[in-house]
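Here are some friendly notes to go with your first look at this structure. Please keep the viewer open as you read through the points.

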Amino acid sequence: MRTVARHKLFASITVGLQTLVLKIADLTKMSIVEYVKADVSIGADIYNHRMIEFQTVDQACRQLAGFVQILDDYGVTNYRAVAASSVQEARNAEYVKEQIRIKTGLNVEWLANAEERFLHNQAVAYNTDTFSDLIQQGTMMIDIGSGSMQLTVYNAGHFIFSRNIKLGPLRIRELLGDLESKTGDFVEIMEDYIRSKIDGYHQFAPKGVAIRNFVLVGTDLLAFKQAFMSGSDEIISRQRFDDLYQHILTIPPQVLAKEFTLPYDSASQLLPSAMILKMTLEITGAESIILSDADLADGIIVHELLQMHKNILDHSFTEDIIVSARNISVRYNCDTEHINSVENFALHLFDRLKRLHGLNKRDRLLLQLAAILQDTGSYIDMNAHYIHSYYIIQSSEIIGISENERDIIANIARYHSAETPSSNSSAFRKLPTTSRLIAAKLAALLRIADALDDSRQQKVERIAVSLKNDQVTITARSDDDLSLEKQTFKEKAAYFEEVFGLKPILRG
Amino acid sequence: MAMDNFDREKYFSNRELSWLLFNERVLEEARDKDNPLLERIKFLSITASNLDEFFMVRVASLIDMVNVGYNKPDASGLRADQQLSAISAKAHQMINQQYTTYNRMLKKMLNENKIHILDIDELSQKQLDFIDHYFNREVYPVLTPMAVDSSRPFPLILNKSINIAAFIHKKDSKASQSEFVTVQVPNVLPRVVKLPDREGHTSFILLENIIRRHLNQLFVGYELDEASCYRVMRDMDLEVDEEDTEDLLKEIEKQLRLRERGNVIHLDVEAGISERLVTKLFDRLSVSADNVYRVNGPIDLTFLSKLAGQIKEPGDMVYPPHRPFVHYELLEHSIFHAMRAGDIFLHHPYESFDPVIELIRQASRDRHVLAIKMTLYRVSGNSPIIRYLEKAAENGKQVTVLVELKARFDEENNINWAQKLEKTGCHVIYGLVGLKTHCKMALVVRREEDGIKRYMHFGTGNYNDITAHFYTDMGLLTCNEQMGIDASNVFNMLSGYSEPPYFHKLVIAPLWLRNSLLDLIDTEIKNAQSGKPAFIRAKMNALSDEGIIKALYRASAAGVDIQLLVRGICCLRTGIPGVSDRIEVHSIVGRYLEHSRIYLFGNGGETLAFLASADLMPRNLNRRVELMFPIEDEQIKTTIIDLFDLMMRDNVKTRVLGSDHRYEKPDRRGKIPFNVQEHLAKLAEQRTIRRDHSLREKRTFTPIKGHTNESIDPEDE
């Protein structure tokens with residue numbers, strides 16, 4: 001009897017404000033086997049009551065239980081279920097998560113916005129054939145979710161920045177909905193509201209990037225597509241958009257619903273969506289809007305493919321994460337050259353001391369990000385800058401990084417220079433136990449790397465690291481006098497010794 | 001004429017009157033001397049049960065409309081009250097004809113064939129003794145006589161039951177002081193009672209006549225003045241008919257909550273009933289004269305099909321049996337293997353339904369099968385399909401069954417086996433609120449070497465192995481990938497998930513079917529206008545959707561040739577100059593119930609062929625989940641087109657709808673009679689014989705080897 005070679009099936013489940021999505025992918029064939037969607041009113045509940053109501057949870061659980069049944073239909077055991085970051089705004093989010101677990105057996109993981117958008121961007125890149133060509137020019141990607149939107153800018157083939165704005169059609173409808181019957185110029189009020197939120201963009205806007213391409217992504221583009229697109233086209237010209245925008249401005253949602261054969265719910269969000277789009281479009285010089293219907297569920301699948309080391313994207317998204325961090329460091333006037341050398345030393349130490357720390361590739365990325373962001377706090381105050389670095393990192397959005405990972409980076413920065421993390425330090429205590437160890441190890445590495453450029457003159461050209469007979473020896477190559485560095489190194493090595501039980505020696 | 005919207009009243013026939021014309025065509029079959037006697041009896045019985053259902057559903061619905069004051073006319077311009085009076089006139093005429101057929105033709109011929117339906121005064125002493133005994137032993141214990149007077153109100157007469165009304169008076173008083181009584185003929189006993197008879201003769205008597213003879217036994221101390229049978233139909237237990245328009249449904253539902261139901265909408269009485277007795281019934285049942293039918297013979301002719309079933313060795317009084325072609329190659333090997341090799345087309349009843357059952361059977365035990373999903377609607381109670389679905393669940397397959405409970409008049413039957421399926425671990429879904437699931441599809445999900453593979457069956461008829469013997473239906477077995485994804489999506493939709501943004505191949509009602517059909521018709525119009533050949537050929541059970549009919553008129557006016565095979569209701573009118581002069585409508589009513597739905601479009605030379613579960617009625621397009629599926633295999637497409645050609649050529653069981661809105665058989669002078677159903681049945685038999693021959697030859701000359709590796713085929717368990 002032959003056995004059938006198993007194709008690897010993988011399912012992604014996403015819980016969003018308005019929809020639950022299940023996608024089952026054949027990872028071997030790289031195709032979608034099943035795509036199921038269900039409507040939920042989680043978003044409306046949150047914006048009206050700041051809670052998800054019992055009936056809503058119950059209904060969602062029933063739909064999710066159906067998803068589990070479909071997983072069984074295909075014999076799928078590998079899955080990842082996530083809730084969009086906006087769902088976590090509900091006060092009872094934690095309880096809901098537990099109810100889902102009890103009623104359906106699904107373990108739903110919370111996604112940070114930065115992580116969610118990163119996954120989403122990956123999906124868009126994967127689903128848009130021309131993505132890497134597109135971003136050679138200034139490209140803005142606008143991801144309109146129900147409750148917030150994300151603006152991401154690419155230029156010259158590179159990621160530039162990404163910004164979240166708490167502005168989405170459902171949020172607008174639920175917040176302003178009451179006004180509609182009370183005022184005659186509802187449209188103007190909506191415009192003012194949107195403008196007030198979008199205006200902040202200019203503070204963040206990358207200078208000197210001319211945006212030529214405009215890519216619209218979002219989980220519920222169906223309404224938009226049906227209204228604005230003819231046929232299966234994926235591109236709409238700006239002219240046509242403007243014309244149709246003028247058209248829908250004057251039509252009440254119930255008529256829109258009829259005209260474009262949409263459910264009322266979608267039709268009522270069409271105007272706020274279009275308005276957001278119009279105002280964002282004005283920032284750019286794009287002549288057309290490109291649509292991508294890749295969603296978060298696709299992002300999770302693409303992520304899974306990347307985990308399997310499938311070379312499916314010609315754009316490096318890890319690079320985007322690093323660029324994102326660099327842009328933050330530039331924002332806070334960090335010393336780029338100092339950062340570069342510390343970053344190099346830190347990564348060199350990491351790579352050479354693998355046997356000692358036993359950490360993985362992802363941890364290496366966290367170290368790199370911490371190295372880049374370590375000195376952001378100096379922008380506030382040079383003294384005890386690490387305390388300021390900690391909260392700056394905590395409140396910055398680094399695309400592609402989960403909240404826990406951001407916590408680790410912030411802690412590495414917090415302890416990269418002085419003090420020892422102890423369990424009565426509140427920042428450190430916030431970390432889960434496994435993350436504490438990672439943060440401590442990486443902080444110890446970063447601390448001695450930082451010491452190697454203590455004079456901030458890049459005196460050390462390169463280092464060699466050896467680990468022999470329980471002895472870590474760092475040999476620094478330099479033409480200059482390294483007295484200061486050696487002095488500092490001795491001080492900072494104490495923490496390394498505390499963490500790894502070895503005393504590092506600096507030669508040179 | 002170019003500006004015509006094709007919406008004039010005179011362009012449309014009323015659907016109820018068109019339905020009556022259909023029933024008339026069935027009645028013609030009862031009157032057709034070329035049909036075997038017992039088949040004619042059955043046709044007559046069918047016209048009677050059809051008519052009953054028509055009254056209970058359609059007439060009841062129209063009466064509701066009148067009662068709630070809904071007076072919007074239909075497309076043909078008739079208001080509900082006008083329709084009712086037209087129906088009443090026509091139905092009276094039809095019922096008269098039914099009884100003429102029964103009395104003057106069929107009863108006589110039955111006698112000639114030594115089958116007798118006897119009255120009391122025709123019985124021999126031996127037969128009288130038999131019924132006396134039968135009455136005392138079987139009937140008497142279950143009878144409940146009811147007297148009606150000022151202290152005892154008129155009892156509730158059970159819907160569709162046969163009752164005997166009588167006047168009786170005390171033995172010592174005068175006949176003028178009579179009392180009214182009524183007795184229900186028990187429906188727990190067979191209505192047709194077989195009598196002992198001479199060798200070679202079969203005689204029957206109807207239960208009500210046995211009771212009538214013994215009526216005075218029920219009222220001791222009374223004398224019987226007169227007794228007569230009657231039957232009522234009420235609008236009590238049926239829901240609002242979905243055929244009506246949305247706003248009407250709401251209105252009626254609202255009104256119904258305010259009003260008590262159960263009004264008598266139809267009263268049958270025997271022709272000989274006295275004025276006095278009939279007046280009493282009118283009074284008590286408050287039924288209007290329009291709705292009273294005096295019938296010249298036994299009330300409720302549906303007993304005839306039961307009678308026909310009791311004839312042993314009917315010989316040439318029934319149709320000679322047809323043997324369907326059985327696809328043994330699908331039954332004896334892996335059906336999945338066969339489906340991977342190419343799409344398979346099935347045409348029932350000429351081809352056996354077994355492959356469809358086989359798909360489920362093999363799926364239930366194939367170890368690579370993960371899941372089976374199917375829609376079940378009007379399934380026979382002990383269907384093998386249900387058995388295999390249970391087996392599959394027991395074998396650990398994921399089984400999802402969509403059960404449609406709203407199938408008229410057989411809810412109870414459905415619920416029983418649905419619960420049984422649930423007990424064995426199948427997931428049973430009961431359909432969507434407000435949408436009847438009418439599509440017929442089965443989906444088998446299999447895990448294979450190159451990933452997930454889906455196998456489907458799509459059909460035009462229900463998964464009913466019994467009706468598959470006498471309904472003409474078509475089905476497709478396929479594992480087309482895109483249709484598979486669509487099929488999965490249909491089941492997800494039926495489970496309550498959002499509809500997908502689009503379907504690849506399948507066309508689903510109510511969301512997409514109407515517009516797809518209109519688009520297809522528009523394409524033909526454009527082709528005709530630009531001088532390309534353009535045609536529409538369609539086969540369905542009924543055509544009553546105003547929008548589609550108008551589109552067909554537009555097409556005809558634009559020069560599109562249209563051939564329609566519409567078995568039943570057809571609200572389209574033919575031969576209207578400039579409107580429908582390119583439309584031809586045929587109706588085939590014969591041995592098999594024409595049930596397949598075919599839609600063919602010229603498409604500028606590359607014919608598009610679809611099969612569907614849907615008729616072109618508003619309910620199919622608006623309020624049902626229906627499926628239209630494309631036929632992509634060129635050979636199957638050709639087969640279907642050829643079949644359509646053959647059906648259009650029929651000149652024996654075909655009636656052509658004339659511009660006078662009458663259905664007439666085509667003039668056959670100088671032409672060879674061609675009965676398409678018989679022809680196809682014969683072809684199937686020849687195919688069986690040819691295959692048997694070639695198998696025999698093969699067996700003689702081919703040593704049995706080369707088949708040995710079959711046993712290690714993983715699909716062969």
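Predicted model: local features only at pLDDT ≥ 70, side-chain atom pairs only at ≥ 80, totals over all residues.

1. Where does B:Leu543 stand in the largest nonpolar core? That core has 338 residues, and B:Leu543 is among those with the most contacts inside it, together with A:Ala370, A:Ile412 and B:Leu389. Helix α2 of chain B, residues 37–67, gives the most to this core, supplying 15 residues.

2. Now turn to a pair of helices in chain B. Helix α1 (residues 15–31) of chain B and helix α3 (residues 80–112) of chain B have axes that come within 10 Å and cross at roughly 5°. Angles under 35 degrees count as roughly parallel, and α1(B) and α3(B) are therefore roughly parallel to each other.

3. Which residues bring these two helices together? From α1(B) come B:Glu16, B:Leu17, B:Leu20, B:Asn23, B:Glu24, B:Leu27, B:Ala30 and B:Arg31. On α3(B) they meet B:Gln83, B:Ala86, B:Ile87, B:Lys90, B:Ala91, B:Met94, B:Gln97, B:Gln98, B:Thr101 and B:Met105. By class, the residues of this contact of α1(B) with α3(B) are nine nonpolar, five polar and four charged.

4. Next, have a look at where the two chains touch. Here 22 residues of chain A are in contact with 19 residues of chain B. On the chain B side, at least two residues each are supplied by β11 (369–376), β15 (440–448), β16 (451–459) and α15 (481–494). The largest share of that side comes from β15(B), with three residues. Sorted by class, the side of chain B that touches chain A has eight nonpolar, eight polar and three charged residues.

5. Chain A can be read by its domains: domain 1 covers 9–112, domain 2 covers 129–293 and domain 3 covers 317–457. How far apart are the C-alpha centres of domain 1 and domain 2 of chain A? They lie 26 Å apart.

6. Finally, consider how domain 1 and domain 2 of chain A meet. Ten residues of domain 2 of chain A are in contact with nine residues of domain 1 of chain A. On the domain 1 side, helix α1 (residues 42–49) of chain A gives the most, with four residues. That side of domain 1 has three nonpolar and six polar residues, and no charged residues.

Notes:
Residues numbered from 1 in each chain as written. Chains lettered and ligands numbered in written order. Axes fitted to C-alpha atoms, helices over the stretch in contact; angles between N-to-C directions. Parallel < 35°, antiparallel > 145°, perpendicular 65-115°, else oblique. Contact = placed C-beta atoms within 7 Å. Nonpolar A, V, L, I, M, F, W, Y, C, P; charged D, E, K, R; others polar. Core = buried A, V, L, I, M, F, W, Y, C linked by C-beta atoms within 7 Å. Buried ≥ 20, exposed ≤ 12 C-beta atoms within 10 Å, placed from the backbone. Domains from an automatic or database assignment.
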